[in-house]
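Student: I have a model to go through before I set up anything else. Can we walk through it together?

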Amino acid sequence: MGIGYVHGYSADEGTRLHDQATTLTGLLHADSRYPAGSRVLEAGCGVGAQTVILAGHSPEAAFTSIDISAVSLAQARHRARQAGFANVTFQQADLYRLPYRAAGFDHVFVCFVLEHLDDPAAALMELMRVLRPGGSLSVIEGDHGSAYFHPDSDQARRAIQCLIDVQRQAGGDALIGRRLYPLLIRAGYREVGVSPRMVYVDGSRPALAEGFTRKTFTAMVEGVGGQAVGQGLMDAADWARGLSDLRRAAGPDGTFCYTFFKAVGFK
Ligand SMILES: C[S@@+](CC[C@H](N)C(=O)[O-])C[C@H]1O[C@@H](n2cnc3c(N)ncnc32)[C@H](O)[C@@H]1O
């Protein structure tokens with residue numbers, strides 16, 4: 001990870017990650033299935049938002065879910081226990097130096113993690129080390145450059161750019177989705193395939209407007225308000241206007257588009 005994880009570890013951020021995961025389950029996870037008996041490593045599980053979806057879709061696979069944050073892991077453990085999953089083991093670990101032997105996993109899953117790392121290529125190589133020959137790596141990442149909306153707004157676009165800039169200062173890359181193919185190829189993965197998954201929201205989908213445009217995307221931009229205004233990237237009035245324009249895009253007359261990228265490669 002870079003100097004500081006841009007979204008932080010607050011209770012609100014934990015809620016945002018769960019809103020994001022449940023709203024996008026069909027779009028991102030329709031094909032996230034692992035065979036019975038397979039050993040799956042989930043790297044950077046956070047508060048377990050994806051973990052419970054993965055474990056639920058593949059109840060007979062054995063998941064090892066790791067994160068560097070003990071606080072997030074405690075929440076993930078609690079969540080998995082509440083949901084009654086017995087097929088997940090949680091462990092605190094750094095994905096740059098995994099405490100696992102070579103080739104011990106059949107599959108690796110990573111979601112919304114590479115975008116926060118200062119060296120995603122090194123992480124992908126370490127993940128390759130613990131993968132067995134023929135095993136698969138699945139990576140899901142966003143790309144904030146893919147966000148466009150109606151009504152359009154200069155202030156809203158600048159607010160999104162602030163998030164991209166603050167994440168870059170922390171060592172991450174909020175535009176990583178478009179780079180997944182070359183990153184995986186360079187790390188040595190074979191038969192790499194990338195599928196863009198677009199979220200489109202309009203007034204006919206109020207639940208998606210609430211769950212994705214407001215509570216996932218706009219909440220994420222809002223989270224860097226203090227840094228954006230504090231560093232003078234935007235003045236307070238323009239920032240407030242940008243956020244209000246993003247919320248308007250989630251209203252009955254607004255529309256919002258965003259593209260996630262899901263890459264699968266093999267060792
Ligand atoms: C945006 S969260 C995503 C969590 C989860 N995958 C999800 O989709 O809800 C990114 C997570 O990556 C974790 N992380 C960052 N750097 C890490 C590292 N070097 N090793 C392990 N986990 C790391 C953070 O602690 C954080 O929980």
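Student: Is Gly-172 buried or exposed?

Tutor: Gly-172 counts as buried, with 10% relative accessibility. Buried means under 20% relative accessible area, exposed over 50%, and partly exposed in between, using a 1.4 Å probe and protein chains only. Bear in mind that this is a predicted model: local features need pLDDT of at least 70, side-chain atom pairs count only at pLDDT 80 or more, and totals for chains, interfaces and linings use all residues. Residues are numbered from 1 along each chain as its sequence is written, and side-chain values use heavy atoms, with hydrogens and water left out.

Student: Where is Gly-172 found, and what does Gly-172 touch?

Tutor: Gly-172 sits in the loop between H6 and helix H7 (180–186). Helices (H or I, at least four residues) and strands (E, at least two) are DSSP runs, numbered from the N terminus. Not counting residues up to four places away in sequence, Gly-172 touches Glu-115, His-116, Leu-117 and Gln-167; contact means heavy atoms within 4.5 Å. Gly-172 and Asp-118 are 5.5 Å apart in space, C-alpha to C-alpha, and 54 residues apart in sequence.

Student: And Ala-62, which strand is that in?

Tutor: Ala-62 belongs to strand E2. Ala-62 has a relative accessible area of 40%, so it is partly exposed. Leaving aside neighbours within four places in sequence, the contacts of Ala-62 are Ser-38, Arg-39, Val-40 and Asn-87. From Ala-62 to Asn-87 the C-alpha to C-alpha separation is 5.1 Å, at 25 residues apart in sequence.

Student: Changing topic. How many cavities of 30 Å³ or more are there?

Tutor: Two cavities reach 30 Å³ or more. On a 1 Å grid over the protein atoms alone, a cavity is a set of points where a 1.4 Å probe fits but cannot get out, and lining residues have an atom within 4 Å of a point. Grid points are joined across faces, edges and corners, and a volume is the space filled by probe spheres set on the points. The largest cavity has a volume of about 560 Å³.

Student: What lines the largest cavity?

Tutor: There are 42 lining residues, and those closest to the centre are Tyr-5, Gly-44, Phe-112, Val-113 and His-116. The lining divides into 22 nonpolar, 15 polar and five charged residues. Here Ala, Val, Leu, Ile, Met, Phe, Trp, Tyr, Cys and Pro count as nonpolar, Asp, Glu, Lys and Arg as charged, and the others, Gly among them, as polar.

Student: Which element gives the largest share of that lining?

Tutor: H1, with five residues. Helix H1 (11–23), strand E2 (62–67), helix H4 (70–82), helix H8 (206–222) and strand E8 (255–266) each supply at least two.

Student: Which residues touch the most other members in the largest nonpolar core?

Tutor: Phe-212, Val-221, Trp-239 and Phe-256, out of 49 residues. A nonpolar core is a set of buried Ala, Val, Leu, Ile, Met, Phe, Trp, Tyr and Cys residues joined through side-chain atoms within 4.5 Å. Phe-212 has contacts beyond four places in sequence that include Val-201, Phe-256 and Tyr-258.

Technical notes: 1 Å grid on protein atoms, 1.4 Å probe; cavity = no way out; pocket = protein on both sides within 12 Å on 5 of 7 lines; lining within 4 Å.
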